[in-house]
Amino acid sequence: MEHDGYYLFGTIARTHGVKGNVIIHLDVDEPAAYKKLQAAFLDINGTLQPYKITVASVLKEQLIVHMEGVEDMDAAQELVRVPVFLPLKELPKLKGKKLYLHEAVGMKVVDTHEGELGVIEKIYDLPEQPVASVTFHGK
């Protein structure tokens, strides 16, 4: 599911303890940059719902959080496998010539031998590697 102006931050993987904490499996390059996260948007039935984060701690590729309104294990269990989004404007700034995948959409693809191949229309962030969709000779 895509939401304009937001990026997929991760997915709630499981509950953590009995007080409503959850573990978010992160889909970001630098998890430590999010240890002071104060809010997140959960995709509940296709609609983004804001949740205030009261406690957050980073553990490898995961973030353990407590969200306001999620006060017990049963409430947390209902959120397992729910995608978590953040606003694009909150992405950490990158240094040098690095870019985020969504920024590549609209860029030209140029081959050193064939020349211009087309424009990137969409990026599919597959588990193995990202794949760009480019229209080449009308296909």
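Good morning. I begin with K108, which counts as exposed at 56% relative accessibility. Please keep in mind that this is a predicted model.

K108 forms a salt bridge with E116, and the closest N and O atoms of the pair are 3.7 Å apart. In general terms, side chains of opposite charge can pair when their charged atoms come close. How many salt bridges does the structure hold? The count is 1.

Is H3 buried or exposed? Its relative accessible area is 14%, and because the cut-off for buried is under 20%, H3 is classed as buried. The side chain of H3 makes a polar contact with the side chain of D43, at 2.9 Å. Setting aside residues up to four places away in sequence, H3 touches G46, L48 and F85 as well as D43.

The largest nonpolar core comprises 24 residues. Which of them have the most contacts inside this core? They are F9, I12, I24, L42, M67 and L79. Two or more core residues come from each of the strands β1 (6-16), β2 (21-26), β3 (39-44), β4 (47-59), β5 (62-67) and β6 (83-87).

Thank you for your attention.

How values were computed:
Residues numbered from 1 in each chain as written. Predicted model: local features only at pLDDT ≥ 70, side-chain atom pairs only at ≥ 80, totals over all residues. Heavy atoms only, no water. Core = buried A, V, L, I, M, F, W, Y, C linked by side-chain atoms within 4.5 Å. Buried < 20%, exposed > 50% of the residue type's maximum accessible area, 1.4 Å probe, protein only. Helix = DSSP H or I, 4+ residues; strand = E, 2+ residues; numbered from the N terminus. Salt bridge = Lys/Arg side-chain N within 4 Å of Asp/Glu carboxyl O. Polar contact = N/O pair within 3.5 Å; in protein donor to acceptor, adjacent residues only side chain to side chain. Contact = heavy atoms within 4.5 Å.
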